[in-house]
Amino acid sequence: MELTDSEKAVLDGSEGIARQKAMELIVKYGTALGAKRLVDTNNVCGQMVPERGRYEAFAGDLDALYSRYGLDSDEVVQFPKVKAFTCQLETPMDPDPEWLAAQGKDIVDHDHYLESEQWLSGRGIELMCTCTPYQVGNVPVKGEHCAWMESSAVVYINSVLGARTNCEGNASAAASMLVGKTPYWGFHTEEHRIGTHLIIIDTPIANFEEWGLLGYYVGNAVGDSVPVLDGIRVVPTRDELKQFGAATASSGGVEMYHIPGVTAEARSVDEALGGRKPLEVHHYGPVERRQTYTEINELGDNVNVDFIMLGCPHYSIEQVEQVCTLLDGKHVRDGVNLWVFVPRALKDLANRNGYTQIIKKAGGALMSDSCPALGHLMPKGTTVMATDSAKQAHYLPSIMGIEAWYGTTKECIDAAINGRWEGELK
Ligand code: F3S
């Protein structure tokens with residue numbers, strides 16, 4: 001790999017041992033991937049708040065923990081201030097004392113969490129604590145080189161915003177934050193961003209649920225390729241694009257897609273495909289729509305639900321407002337839990353707008369920072385979940401061994417109130 005003089009100097013230890021190890025890791029990682037050079041990044045998103053087991057395994061010594069897992073080093077080095085602008089993504093739990101017991105956590109988890117946050121903040125890491133940093137201020141611009149973890153966020157910023165990132169891991173993100181560099185390969189390069197598979201849409205995509213179904217279908221159809229959607233007749237909302245991308249990255253491994261006229265790098269199908277013929281063409285019509293609905297609901301059998309999960313990826317404030325409207329003076333049935341997840345900054349907004357109180361009064365919980373699939377968190381005794389998230393419906397049943405139903409937000413709120421799943425594909 002070709003390095004600049006300043007990169008070589010960091011590799012030789014000119015900026016201390018931690019940055020030297022970080023540069024070694026980035027160079028090794030890039031070399032393994034065939035990258036010819038590094039590129040500057042000033043936007044890194046990582047998952048740094050450790051879960052309790054890992055925290056205690058290192059007796060709370062976060063320098064030791066991040067030397068091991070961030071820098072692949074058994075030698076303990078002091079983790080300096082980050083060089084790149086860096087945000088904390090989602091975390092293993094919501095530290096709000098009100099919801100500790102519901103998540104199966106206690107005050108010790110809470111205290112470890114706060115100590116970790118203090119340590120991270122001392123290193124210059126912004127405590128956004130969400131899988132959707134682009135909803136709360138970290139909105140990279142078109143062409144900006146980033147180093148982000150979290151598949152749903154990666155596909156969103158690559159596609160919708162035209163920023164450039166691969167889906168990083170813990171170690172590569174930690175190294176990038178220390179040296180402000182990432183290997184120039186994959187979605188940082190023009191070539192990799194060109195569409196490869198054409199999806200022709202033969203049915204209207206009318207709402208949030210439909211975007212989840214379409215995304216689930218597309219991920220299954222193309223795996224980790226770059227799909228181009230032809231036939232979208234509406235301008236989707238940010239929430240619909242958030243849901244679509246998360247679904248493609250769950251049933252498949254999509255990190256970038258194009259919707260000509262909507263996403264950042266495609267004014268036409270031809271431009272999205274780079275003037276080439278697609279490798280494959282798929283049609284999404286009424287038959288595929290129904291098959292996808294059946295597939296995503298195949299782990300639903302018992303219609304008596306006891307857990308409703310909303311907010312995957314984390315809800316926007318508009319979605320929280322919609323939940324409040326749907327709840328409108330009603331109450332969650334006894335024995336059913338309704339959990340709604342938002343970024344922490346939006347929890348603050350929801351508090352001020354009275355939404356938190358409305359959800360609480362209805363018997364639900366507005367939570368932040370984490371989610372059931374990421375934190376392995378569920379109300380005790382849960383057996384059947386309902387959700388409006390294609391991603392959560394994909395992951396949570398296999399992670400936690402429960403049944404799951406997927407449908408509209410309204411069907412989920414109705415299920416919370418009645419305790420029964422009555423959703424259907426209209
Ligand atoms: Fe976010 Fe959890 Fe979904 S981290 S994207 S809410 S699986």
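Ile 200 stands opposite His 283 in strand 9. Strand 7 (residues 197–201) and strand 9 run parallel and are joined by 5 bridges. Helix 8 (residues 208–222) packs on this sheet and touches strand 7, strand 8 and strand 9. The direction of helix 8 makes about 150 degrees with that of strand 9. Axes here are lines fitted to C-alpha atoms, for helices over the stretch in contact, and angles run from 0 to 180 degrees between N-to-C directions.

The sheet is open, with 3 strands in the order 8-7-9 and parallel pairing. Its edge strands, strand 8 (227–230) and strand 9 (280–284), each pair on one side only. Two strands count as paired if DSSP finds at least two bridges between them. Helices (H or I, at least four residues) and strands (E, at least two) are DSSP runs, numbered from the N terminus.

## Basis of the model

This is a predicted model, in which local features need pLDDT of at least 70 and side-chain atom pairs count only at pLDDT 80 or more, while totals for chains, interfaces and linings use all residues. Residues are numbered from 1 along each chain as its sequence is written, and side-chain values use heavy atoms, with hydrogens and water left out.

Another open sheet has 4 strands in the order 4-3-2-5, with parallel pairing. Strand 4 (125–126) and strand 5 (147–148) stand at the edges with a single partner strand each, so one side of each has no neighbour in the sheet. Helix 7 (residues 170–179) packs on the sheet, touching strand 2, strand 3 (86–88), strand 4 and strand 5. Its direction makes about 140 degrees with that of strand 2.

Strand 2 (residues 44–46) runs parallel to strand 5, and 2 bridges join them. Val 44 has Ala 147 of strand 5 as its bridge partner.

## Domains and their interface

The protein chain is divided into domain 1 (5–188), domain 2 (194–296) and domain 3 (307–418); these bounds come from an automatic or database domain assignment. The C-alpha centres of domain 1 and domain 3 lie 28 Å apart.

Between these two domains, 25 residues of domain 1 are in contact with 24 residues of domain 3, where contact means heavy atoms within 4.5 Å.
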